[in-house]
Amino acid sequence: MTGPRFLACAIVFAFLLTGFAAPGGSSRLGHSHSDSAPSTVAPTPSAFSPAVNPLAGGVTIIRPDGSISNTSTPITLSGTNYTVTAGFTGSIVDERNGSTLIGGGKDLNQSSLASQAIEVVNASNVVVTGFAITNGSVGILVVASASVTVTGNTVQSTLWAFKALQASWVSFTNNVAPGTQGILADVVTGINVTGNNLHGSISASTELYLCTDARVEHNLGYGSAYGLDLSSVQRVRVWGNNYSSSPMGIFASGVNQLTVSWNSLSFATTGILLQTSDGVTGTSNSGRNSTVGIEIISTSDVALANESFPGSTSDGLVLEDARNATSTFSDFRTSGTGVFIDTSQNVLIAHDNLSHYVGSGITVDNSFAVNLSGNEMQYTSGTAGAAIASYDDQQLTVRDNDAPGAVIAYSDLSSTGISVTGNSFRHSKGTQETIYLRSDSNVAIVGNDLFNASSYALEAFTTQSLTVVGNNMSYAGIAGAWFLTAQRLVVSDNRIDHARTIALALEQAIGVTVSGNELDVGGPGSDGLILLNVQDGMIVNNSATRQNLSVEAVASLGLIVRDNNVSQSWIGLLAADDSNCSFVGNQLWADHFAFELQTLTAVTLDHNNFIADSGWLVFPLGSSSVALDAGYPGGGNYWSNHTGPDSQSGPGQNHSGSDGIVDTPVKLTAPEVDRYPLASPWVTYTVTFVEHGLSPGAVWGVVVNGTAYRSATSQIVYPQPTAAPSSYRYYVEGLNGFTATPASGTGPSSRSNVSVAITFAPLTYLVSFQASGLPNGTGFNLTFQGGRLSTASGTLTVSIGNGTYPYTVGSSGDFTASPSSGTVTVSGSAKTVAIAFQPFTYPVEFAQSGLAGSTTWSVTLNGQPQSSTGAVDSFALGNGTYSYTIGAVGGYSVTPTSGVVTVGGGGYTITVLFAANPAKTYGSSTVYALGGGLVAALLLAAVAVALLMRGRRKPPALTTPAPPSGAVPAATPAPVPAAPPPSPPPGASGAGAPPWKES
C-alpha cells in the first residue's frame, strides 16, 4: 500500500473510532427512567440522538427520510406503514414522522445491544401496534416525540413494558404486560393510558411523573405493588380501573385537579392514598376487605361521594391534615374505625354508612370546623368504642346521625364549640354512657333521642357553657343525665322518664338553669331532680311525677326553685343544709310527704300549693331560719287541708272582710309557722321574654329584679312574686357578637300574663384581606365561610360577626399566596389579614459541554449576568419569554451565542456547546483541533506512515519539468476545518447527553 493510500485509510479508521461517539464523547446505547426527578421540562419534540448505536448489529433505524438502515430486518414498507413479516431478534428505532409500525403478532426478541425493543424518538404522529416483545429491559419507549399511539402490543420485559419521556400527547391503549412494571410516563403533556392489561406488576402497573392532562381509564392492574402511582401530575382523570389485590391501589402525591371514579380497589393495604395534593374529586370507587379504604394526607379541596369500602380491618377513610374535604353517601363499614379525622379543618362527613364497626364509627382529633351529619352507625355485636369520638376539637357539628346499639354513641374530651343536634342514639349497650363529655366548653346538646340507654343517657364532667335542650333521655338504666362540676349550665325542655335510679342530677355546679323538663314515672326507689352543692341556680317549670323523691336540694346556695309541678311522689321536696334559697310558687299534690326540711339558713318557702298531701316532715331545725310566708299582703302557701275561714283581714287578721288569706296560721313546729296561709290555690302570673334573631340552642339571659334567668329556647319566664301590686325591672345580659333591643326596661306586676319581645341583631366587623406582590389590576379569590369570594383589586373586605373563621386563598394567575390558608378570629373589632403573593418560578438551566474543568463561563438571562465554573448554570424564572446571551470564553467558540427561552409552567434546559479554537497555524495552512480521539488517531496514522517510509528504499530522483512560460504555480489547498456539532433548537434538552441516564 502506498504512503498516501495508507494515510487515507488511517484517517478513515480514525473517523470510525471517533465520528460516531455521542456528543460529549460518550457512546449511548439506550434511555431508561431515572428514579430522580428530571431537571427539565420539554413537552415538545426536540433533537434527541437515537438511544442505540446505529452500527450495532440487530438494531434497525427508520430514518427521518423513511429509509431503513438494516435491509436484512424482516420489515416491509408500504407508504408510511412498516410491517414486520417474521419474528426476529433485534431492536427498532423510529425517527420518521407519520409512520406506523405494525408488529403483525410476530415476536420481537429485544437486542442485547439496546435498552429497549422499540424506540420512537424525535418523531410525531406515530403508531406502534401489534408487537409481541420479549426479553427486554424496556419494551416500547417514546421519547421527545408528539402524538404517538402505542396500541395492541404484548410485552414481557424486566424493567418497564412501556415508557414515555419528555413527550406530548402519547396514548397507551389495549396493551398487555403481565408480571412486570407496566407503563411509565415521565414529563409528558397529554398522556392517555386506556384499556391496558398490566396485572401483577412488580412495582407499579402505571406511573405518571411530572405529567399534565392525563387520562387513566379501564385498565387492569390487579396484584401490582402499586396499581397507579401519580407524582406531581396536573389535571388527571382516573376512571374505571381495576387495581385490586395490591398493597397500594392508587397513590397520588403532589397532584392538582384529580378526578378518580368507578375504580375497583379491593383487598389492598390502602385502596387510595392522596397526599400533598389539591382539587380532588372521587366518586363511586369501591374496595372490599382492605386495611385502609381511602387515606388523605395534607391535601385540600377534596370531594368524595358514593365511595364503597366496606370490611376494612383498620380505617375506612382517614383524613390527616386535610382542608376543605367532604365525604357523602359513602360506605365505610369497617371492623376498625369508619372515618378518622386528625388535624384537619372544614370537613363534612354526611350520609355515610359506618355500621358494624368495632372501633369508632367516626373519630375526630385536634380538628377545626368538622360537620358530621346524617351518618348511619348501626352497631350489632361485640365490644366497640364510641360511635363518634372527639378529642381537642373546635367547632364540631354532630347532626342527625343514627347510632343505635352503640356502647357509647358520642364521646368528647377537651373540645370547644360543639353542637350535637337531632341525633338518634337509641338502645346503647354495656355499662357506659350514650353521650359522655369531659372538660368541654361551649357545647350544645339539642333535640337528640337518647332513648333506652343501658346506663346514663348523658354524663358530663367539668364542663363550661353547656346547653342541654329538648332531648329524650327516657328509660335510662341508671340515670337520665348527670352533671358534675359544671359552670354556666342550661338544662331545659328535656324528657327524662323511667330512669331506674335518678332522672336528673347536678353536683358541684355553678350558674345553672334547669327549666321545663319532664321527670316522670320513676322506678321503685328512683329520684327525680337532685341538686347537690349547686350555687346560683334557677330551677323553674319542671315536672316530676311518681318518684321516690321528686326534688332534692342539698348543701346548695342561692337556689331559686319556682313553679315546678311535683305529684304522686313519696317526698315532693327535700331541702337540707341549704342557705339563701327560695322555694316559691311550686305545686305539690298527692305526695305522701309534701316536703322534708333539715337545717336550713335564710330559706323561704312561700306561695306553694300543697294539695292532697298526706303531710310533711320537719326535722329539728335548731337555729335555722325558714320563712313560710312573704308577710302581708303577700301571703304564704296554700294548704288544701287548711282553707278557711277567711272572714278577717289585715296583718293581724283582726279586721272584718275577706282578703284571700285564712284567718288562722299553719303551724309546722314551734318556730316554723305560715302566718298567712292562702285561702285558694296560688296562680303564678308571668312575664315572658321572647327573643328573636338567635340561632336555635343559643343561650341568652335576662336579669329581672336582680335575679338572672337563662334559657336556650326562645322564651324566658319570670313568675311575678306576689299578688300585691308591684313592679319589675330587667336588663338583657350581654351576648358576645350581638346587640339586644330593648336592652332594658320596667313594667308593672299584675294579675295577668305579660309578654316582652327582645330582638337580637348580630354585631359585625370588617375583615380586610390585603394582597401584596400582585401587578396592578390583578385580583385574587378566596374561600371563606363555604363560599368563594373574588376581587379585581388588591383588597377583599367582608363583614362578619365575632368568631373564628377558616379561609383558603386561591392562586392568582402565575402567583402563589402566602399564607395560602389560615384562620381569622374576630373579637369585637375589625381585622386585617396580609397576603403576600409571589410568582411561580421554574428552573431554567444552561448545561455546558466542551470546556476544560474549572473554566469560567457566563450567561446573561433577562439582563441578569451569572457566571459558573461547573457544568450547569441555573436560574429561577416565572412564566414568560426571556432573551439570553452566552459570554465569550478565550480559546473556544460557543453554540448558540444567544437566543430566547419561553417558560410556560415547567422547567427548561438549554445545552451550550463549547469547541476549542484552532490550535496552531503554519504559514498559510491551519491544523484544526478535531477532538481528542480524532487527533490521537491522526497522530497514530502519521507515525505509522513515517515508520513505513523509513523502511522503504529511497526511489530514484525524479526530474520535475519546468512549468510553461508564464504559468502560475498551483496553490497548495488548505485543509477544510471540521464542522462543529449541530446546534440544538432553542430550549431543546437533547443536544448533548439527555437529562436521564441508564439505570
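Q: Is Glu733 buried or exposed?
A: Glu733 is buried, at a relative accessible area of 16%. Buried means under 20% relative accessible area, exposed over 50%, and partly exposed in between (1.4 Å probe, protein chains only). This is a predicted model: local features need pLDDT of at least 70, side-chain atom pairs count only at pLDDT 80 or more, and totals for chains, interfaces and linings use all residues. Residues are numbered from 1 along each chain as its sequence is written, and side-chain values use heavy atoms, with hydrogens and water left out.

Q: Which side chain does Glu733 meet in a salt bridge?
A: Arg710, at 3.0 Å from N to O. A salt bridge is a side-chain nitrogen of Lys or Arg within 4 Å of a carboxyl oxygen of Asp or Glu. Arg710 is buried too, with a relative accessible area of 18%.

Q: How many salt bridges does the structure hold?
A: There are 11. One of them joins Asp497 and Arg495, with the closest N and O atoms 2.6 Å apart. Asp497 is buried at 5% relative accessible area, while Arg495 is partly exposed at 35%.

Q: What about Asp331 and Arg333?
A: Their side chains form a salt bridge as well, at 2.7 Å from N to O. Asp331 is buried, with a relative accessible area of 13%, and Arg333 is partly exposed at 27%.
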